[in-house]
Every structure is written in C-alpha cells, then in structure tokens.
Amino acid sequence: MAMANNTLFLFVFSLSLYNSLSQQPLPNASCNGVVVTYTYDGGYIIPPTETDPTNQAYRFESTLAVRNNGRETLKSWKSFVRFQYNELLVSITGGVLAVATVMPAPVGNGTELVGSPVTDLKSAIETAGDVTQMEAYIKLVGTQFGNGNLSSVLPANLSLSNEGYSCPVPSIQGNVMQVCCIVSELTDGGAYRLEQNFEPLQNGDLTIMYDVLSSYDTNYWAQVTISNHNPVGRLENWKLSWDWTREEFIYTMKGAYPHVLDTNDCIFGQQGQHYKELDFSQVLSCERRPTITDLPPTRANDSNLGRIPFCCRNGTILPPGMDPSKAMSIFQMQVYKMPPDLNRTALFPPQNWKINGTWSSDFECGVPVAVTPTQFPDPNGLPSEKSAVASWQVVCNVTHFKEQKPKCCVSFSAFYNDSVVPCRTCACGCNDNPSQTCNSNEPALLLPSRALLVPFENRTSDALDWASTKRFTVPNPPPCGDNCGVSINWHVLSDYRNGWTARITIFNWGENEFVDWFATVQLDKAMPGFEKVYSLNGSAITDPNNTIFMQGFKDLNYLLAETDRANPRKDPRIPGTQQSVISFTKKTTPLIKVAAGDGFPTKVLFNGEECALPSIIPSRTSRKTITANVIFGLLPVLLLL
C-alpha cells in the first residue's frame, strides 16, 4: 500500500512539476550553433522505502541529445550535465564519461559526457541536412535521491564543453532542458573559428597516444605510447587497461603482453563464428577489458615479442628530467575487427582507459580525442617522415580523491637534541585488528639515533631504555611501528652565522632493491639558500617550487634491499641506504630560523610518492650532543660488516 501511495505521489508531483516549470520556448529550430537537449524520459521509486524523503532513491531514465546546426564540423563533442541530487549513473548507451569511471559512477556534482562511437558531428551544409550525421544521442539510466521537489528530474545546468563555445542559461519546457551554444568571439573582436580538422594535443601528468600504423579490412596495427610529463612522478610495474566497444580482440603484440591470456570469449562468441578459419590458439586476448603489462628487459631483443624502442623495462617510467629516454614506454599490437567495421577506414579507439602501478599514484584518464596523425621517422632511414593512419590522445592526471596509505615515512633529528622524532605510528598503515602487543593510537616514542639503524622489531629495548633514561612516559601496550618499506631521516647537522647544513639518509627495509630511485625535498623558506648536495646527484627544480631533486650518480643509482649481517642469528638485518650532506647559505635567507622549523622539509617524496611527515620537530634544548653525528658517521662502517 505504501509503495502504491508513493507511486501515486510521484505521478501527481510530476504533473505539478511540468505545470510549474518555466515554459520558455526551446531554441532548437532557431539555433545556428550546437543544440544540447536533456530529456527526462521517466522514472519511479525503488526500494528501500525511506521515511526521510531526501534519502529516498528513484530510478531515472534520460536522453542527452547533441545536434550540430552550425557551419563547421563539431570535433570530439562533449557536454557537461550538472546533476544535483547525488545521482549515480548505472548505464550509458551511445557515449561514455569523459573521465573513465567504473559503473555505477557517482555524478552528483555534475559530469562530462562524450560521444562513443559518434565523436564528431557534421554540419547540415556538409551532409545536405542529414540529421543522422548531425546529431548524437546518449541514453542514461541511473539512481537519484529525492529532495521533496521533483524538479530533481532535471539537472541544474546543461552546456557544451568544447573550447570556443559559449552557452546561455538553458530553457526548460516540461520535462526537457535545452540550450543553444554558439561559437564564441575572441577578446580582440575576431571570431573564434574552428577550422582545424583535429583537436590540439593536450598536456597532462601522463599522456597516451593510440596511433594506427597500418590498416586493413579486417584488422589494423596500433602503437601505444605512454609518456610521463610529471617532473616528480613515476610509474613502476605499470598496468594499462581499456574497454573494447566493438568486439575487437588482440591477435599479437610486441613490446608488452596481456596480463591474462584468454580466448574463450572469442571461441564461444561472435568472433569465433565470423573468423571460422582463424587459429584462435595464436590469439593473445579476447577480453572485453584486457590488462596489458610491460615486458622484462630480458625480452628487449626477442624477435617475436621485443625489438620495440622504449619497451621492456618491467613497467618503469621515470620523470622526464631524470632520463628522457626512460620517460616513456611503447608497445604495438595487431587488432582484429568485427562487422560492421570490416573496411580499412572503420577505426575506433578503445574507451575507458586506466593506468596504475606499484609505487605510483592513481591516475584519472580522459577519453580518446582525435588529433593530427603522428609523424614518425621513416623506417628506411631516409630524411622524411611517415604519418600514422589515425591518432588519438588520452590525457591522464594524478588523482588525490582516493585516500591511500603512504609507502614511506620521514623522521626528524637535529644536532641540538639527542632524541630522534621517529616516523609516525602506523604511518604506512596498521592491521585492521592490531594485536594487544602494540597500540595504533599512541604517538611514536622518541628514540636514540642508533635505533634508526635497526629494523623496528629490534628497536624495542633501545626505545624502552631511552624512555627510562629520559623519563618519558611509555604507554601499555607501546605504540605500533610505522610499517613503511622506506624511511627517510632528515637531520639538521649544523647551524652557524653564514649558513647551515642538513643530512638526508634513505633506508630501504624491503626485500627488493630500487633501481633509478629518486627523492624530492620541499623547503618552503630555506630553498633560496640552497647550495649543494654532496654525495648524491642533486639540483633545485622549479616544478614544484622550493624543491631539491636527488638521485644517485650515474651507474650508482641503486638503493639496495635489506640484507643479513655476518651473523644473522644474532645480529639484526641492515637496510639498504643512500646518504648525503646538503649545504645552505644564509646570504639570501638572513631571517631564516632553522631550529624553529624552517630547516625541516614540508613535503618529501620518494619515487614520486609522498611520505608521511612527523607531527612535531626536535625541540632546541640547552644540552647539545654529538651522538647523532657519531652514529651516522659510523653508518658506512656498519654497512661493510
């Protein structure tokens, strides 16, 4: 009975909505630009039934239509729909989200939609008024939450997102919202003309080029180029995935390989029925969403899988400023097509691109955008260039929406205080149900500097002895460890009239070494006085500002793994380390207060990942000690034992 009443309420409320909304004339017929239309096709209440109307869920079905009434072809069209009531898109037909997102996708604050496979809309002039080539439709199905006013069936705003267009306030008529977007004018009074056939290349933290090198009726060869443009970002063991939208499958590859080899979807699907003579035992992947991984260096010269420039590095892509030759990764693949795309000009890029890796941030990737075909050096070595058949660009940027635990942490120490401020408790995470032997909520205990040289599990006696000597309170149970595979100690080494020095020590507590590692330290107030990094290859960079970029010298850029000592049963393991002194002058920073905090970094990255910083810095006391200097001076000796 309650469900029936709710349904009747929705129907009556809908009628009142249509009568109350402004009945402005829709601009479709008179628009000489691009008409964007959002039509609410229907919906109904769905379980569970809520007493609070604002929490009640409704199914909605809508249609987004984009029609080109202008004089020029609309390339790579995209429309922004400002949803407003915590909507979730469950399915999209005829298009995709501009930012690849797994369904159901939260779009409550609005989202950008693009056409797929119809990405370009021709003009009436080019097609003699053929509406099928001028217009595209996207069907939307999702869930929205009521707010006591059924105006929620329509979005708050609607516009065309393509550069060079301006859109007024949309008109509303019943269950339809519509806007006419026209070509903007430049500030100098000249008309903004869309004369280019392709979109310009865009910038991003990471870009992916999808270049069709050769095309045939049933298949084509594509080259995928992953390029890193982030000055302090890297990818380790990258994994790349996408969605095939037209039943394509990968026959063979060079320079990379599918994570899963599976041809069942082809053998028992439409592909097997169409390509009856094809030997599917040679096919690499029939997954609708394959995951591709890089090859190891041992396959670089493999005649079947390798011999592709910039391939085969175990998925490592470095910052461009560190080594431009290692800032990209390339692979090629042969893609088979399905009807009705069996001609050499029917080319559609994959959609919903996603890339991630270990020791790397999450990326948010946009849709493939058609760009001017890439020019490649002539394969015969002649002084000419060869053009790709077609090219698309995917732009990916680092995201900060997903909360994830750091992979590294920082400890602070100074010559004027004999206690080390260690990494934070559970800096890199703790078990969901930690044992009763440690407390995940208590702050880490201050340590003697010698304790930094041994694994956390071997520091207990040192920490307790130090607490007893210094009369520190020790909680019961004591704090848990930081659980970080990499820790970095920043030690203020000296502070004198004309300058000061610091020492950075990087510890690898993991089982794997880091090749081509790098670290960055951001010093907001001290950076103008930076002089030199002595035992590492260090330099100041401007992106981001106030940052020192450090790496090992050529052929020595290894951070070794944790290893056993000569007597592993008795002695704790020792970490792999890299260390250097850094000098600063006060000539350009005469007002700097090193001990008050200016001498400590505000942000530290290791291999592009931000490290957890302590919440306090060492306090300046009357008692000075050289303990830290002695212990760290012995570090090279300990590493030789």
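A residue is called buried when its relative accessible area is under 20%, exposed when that area is over 50%, and partly exposed in between, with a 1.4 Å probe and protein chains only. By that criterion, 50% of the 641 residues of the chain count as buried. The model is a predicted one, in which local features need pLDDT of at least 70 and side-chain atom pairs count only at pLDDT 80 or more, while totals for chains, interfaces and linings use all residues. Residues are numbered from 1 along each chain as its sequence is written, and side-chain values use heavy atoms, with hydrogens and water left out.

The chain contains 9 helices and 39 strands, where helices (H or I, at least four residues) and strands (E, at least two) are DSSP runs numbered from the N terminus. Taking contact to mean heavy atoms within 4.5 Å, residues 24 or more positions apart account for 72% of the contacts with a separation of 6 or more. The accessible surface, from the Shrake-Rupley method with a 1.4 Å probe, comes to about 31400 Å², of which 51% belongs to carbon and sulfur atoms.

Helix 6, residues 460-470, has Asp-462, Ala-463, Trp-466, Ala-467 and Lys-470 as its buried residues. These residues lie on the same side of helix 6 because they cover an arc of only 130 degrees around the axis, the arc being that of the directions from the helix axis to the C-beta atoms. The cover over them includes strand 27 (417-421) and strand 28 (447-448), whereas Ser-468 and Thr-469, on the other side of helix 6, are exposed. Just after helix 6, Arg-471 takes a positive phi of about 60 degrees.

Rings of Phe, Tyr and Trp (its six-membered ring) pair if their centres lie within 6.5 Å, and planes under 30 degrees apart count as stacked, over 60 as edge-to-face and the rest as tilted. The structure holds 20 aromatic pairs, one of which is the edge-to-face pair of Phe-249 and Tyr-275, at 5.9 Å centre to centre with 80 degrees between the planes. Phe-249 lies in strand 16 (residues 249-254) and Tyr-275 in the loop between helix 5 (270-274) and strand 18 (291-294), so this pair ties together parts that are 26 residues apart in sequence. Both Phe-249 and Tyr-275 are buried. The rings of Phe-412 and Phe-600, with centres 4.9 Å apart and planes at 55 degrees, form a pair that is therefore tilted. That pair links distant parts of the chain, with Phe-412 in strand 26 (residues 408-414) and Phe-600 in the loop between helix 7 (594-598) and strand 38 (603-606), 188 residues apart. Phe-412 and Phe-600 are buried as well. Tyr-210, Trp-242, Trp-244, Trp-353 and Trp-392 form one aromatic cluster.

Leaving aside neighbours within four places in sequence, the residues in contact with Arg-234 include Thr-316, Trp-359, Trp-517 and Asn-607. A polar contact is a pair of N or O atoms within 3.5 Å; within protein, one must be able to donate a hydrogen and the other to accept it, and residues adjacent in sequence count only if both atoms are side-chain atoms. The side chain of Arg-234 makes such a contact with the side chain of Glu-236 (2.6 Å), and another with the side chain of Asn-607 (3.0 Å).
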